[in-house]
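These are my notebook entries on one protein chain. I set down what I looked up, entry by entry.

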Amino acid sequence: GECQSSEAKHGCGLAEVDSLPGQAYYWPNQKGDLNRSGWSQHIVPRKLDATPPSWRWEDPEPGVVRATPLIDDKFNLYFSTVAGQILKLSARGEIIWTYRSRDILPAVPVLLDGVLYSVTITGTLLALSMETGKELWTVKIGDGHGTDCASLSISPSEKLIISSVIRHPPKTTESDEPKRETNNAVVAVSTKGVIVWNYTVPGSSFALYNFQGALPGDGSLVFMDASGGLYKLRVSTGEEEWISGIKDRKAEWFTTAAVVVGPNGIIYCVSNVAGGRGLLHAYDLADGSEVWRYDLKLQAMQAVSVGALVGSEEELSVVLGVGANPGFPIFMRMFYYSFLAPPFVFWAIFSAVSFRAWQRQRRQGFSAAKRCCRLPLNFVLVLIAWILGALALHYANLELGGRAWGLLFGSTLERPRVIALDAKSGKERWSYELPKYERSATAGDEEQLLARYLYLNQGGAGHPICLPDSFAQPVISGDGTAFLGYQDGRLLIFRDSNGNGRIEADLGEVGSFDFGHGFQASQALAPGLLAVAPCDGGLWVWRD
């Protein structure tokens, strides 16, 4: 049944929910359903440490994966890598076809009516046959696409594919601001490759980062900008219905999170305010009025999932992970602070060495010309010493489990948390605190860094690091289990089995499986099937 009034919809229970209404495939886009709830009615394996995966595909290249796998109606999986590779694998893990793009593929693709759609970093939308992997058409839809992990959206009723893109303003004077590097516009394209409408976000300072448009089934498209602004458009025309969210937001209040629409007609936004403090704010789908807000206290960098959790099955819940995102590997941090930013370690050492050599050579009677000729040699010697020192610190950091940065400069005082709230009221159901994360980067980025640099130097495509969020977006299975990929390389699994409002590890309510790599991609679910894609470029599948 359907809830008619806004008040009734906010109280809709499990009986009114269809996790994938009107969709032909089990997991056709990021988070499964069109409103991005991340909630599936399918039960999937959850005791991953008890049984090995049914199969695993390993990327022969040291690539990066940020896109969630997709699953069609025959349990075939579609898998996209940042380097530009798209694969179709059978339910048994056999490669059916492989497509190789000439460009980087930064976004999560979508499936619609036998066609896979993806977008390149140059702003080109491409359509592939799901049957053969052959390119059907391409169309230029923007001036480019950001390097962030945006998600394409689909409107099965309107036969539209929707993507965020970079759109540069027309250049009128020499003083115009530089070209953008982040998405700022939304484009809708027909399944024939014709651009139907464009929408540019008002205000030049607001960006669409990790764009994830939600289509809640009322003929609209809902999305947010990276500062907490909320937008609702007519999906058929791109006409603006309303703008809501954080009214007095500033561009520097940045988040990598996205918007989700619950099956109860409430929109859930996650963003940050001054001081990097996270906020979960909920709005009525009909008019954009605020329903409630919740102070997350920690930095919030990922979207929620909305569904029925075990222990509170009769009501909808919101679940998410909060905590600061991981940073760069220590080798990259050393380069940055040595060459590009204070304290300019390399240039300071080079200057000190050169000054001392200059004084010594002057006492020895060297002419000024000869002393100047020695400067390039000093530069080479200091550079060699820097490289050897950086490599030594890199490998020492690996021996310390990636914790050298925390030992040298101190780790963050915050402890990341996983939180579940009542979806209607915003009241906390349970909270689980994790240990402090002491590594410089996400698990796997340190270990793979040099191999990826070597691969890129030899002509490979992609990025040297994954640099994911602290948590991947959660998903909820049909038995009320919440799955969240975490930056330490573990897939975390939560079940408040006794419904007492506490997650108790000693009662088996917390499970995990260590993949050794962090996650940007959320998991994909189908009946009896769980697909997991950590950052390292592999795909793991468990099947009942």
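**Entry 1**

I began with strands β7 (residues 115-119) and β8 (residues 124-129), which run antiparallel and are joined by 5 bridges. The model is predicted, so I note its limits: local features need pLDDT of at least 70, side-chain atom pairs count only at pLDDT 80 or more, and totals for chains, interfaces and linings use all residues. Residues are numbered from 1 along each chain as its sequence is written, and side-chain values use heavy atoms, with hydrogens and water left out.

Strands (E, at least two residues) and helices (H or I, at least four) are DSSP runs, numbered from the N terminus. Two strands pair if DSSP finds at least two bridges between them. I looked up Leu 116 and found that its bridge partner in β8 is Leu 128.

The open sheet has 4 strands in the order β6-β7-β8-β9, with antiparallel pairing. β6 (110-112) and β9 (135-140) stand at the edges with a single partner strand each, so one side of each is left without a neighbour in the sheet. From one strand to the next the twist averages 20°; axes here are lines fitted to C-alpha atoms (for helices over the stretch in contact), and angles run from 0 to 180 degrees between N-to-C directions.

**Entry 1: another open sheet**

I then recorded an open sheet of 4 strands in the order β1-β31-β30-β29, with antiparallel pairing. Its edge strands, β1 (55-57) and β29, each pair on one side only. The twist averages 15° from one strand to the next.

Within this sheet I followed β30 (residues 529-532) and β31 (residues 539-543), which run antiparallel and are joined by 4 bridges. Val 532 stands opposite Trp 540 in β31.

**Entry 2: helix α7**

Asp 445, Glu 446, Leu 449, Arg 452 and Tyr 455 of α7 are buried (under 20% relative accessible area; exposed is over 50%, partly exposed in between; 1.4 Å probe, protein chains only). The buried residues of α7 pack against α2 (330-340) and α5 (375-399). Just after the helix, Gly 459 takes a positive phi of about 100°.

**Entry 3: the cores and Ile 267**

A nonpolar core is a set of buried Ala, Val, Leu, Ile, Met, Phe, Trp, Tyr and Cys residues joined through side-chain atoms within 4.5 Å. The largest has 41 residues, of which Tyr 268, Leu 280, Leu 296, Val 304 and Phe 494 touch the most other members. Apart from it lies another core, of 36 residues, including Tyr 117 and Ile 162.

Ile 267 lies in strand β18 and, with a relative accessible area of 0%, is buried. Its C-alpha atom is separated by 8.4 Å from that of Val 222, 45 residues apart along the chain. Leaving aside neighbours within four places in sequence, Ile 267 is in contact (heavy atoms within 4.5 Å) with residues including Val 222, Trp 242 and Tyr 283.
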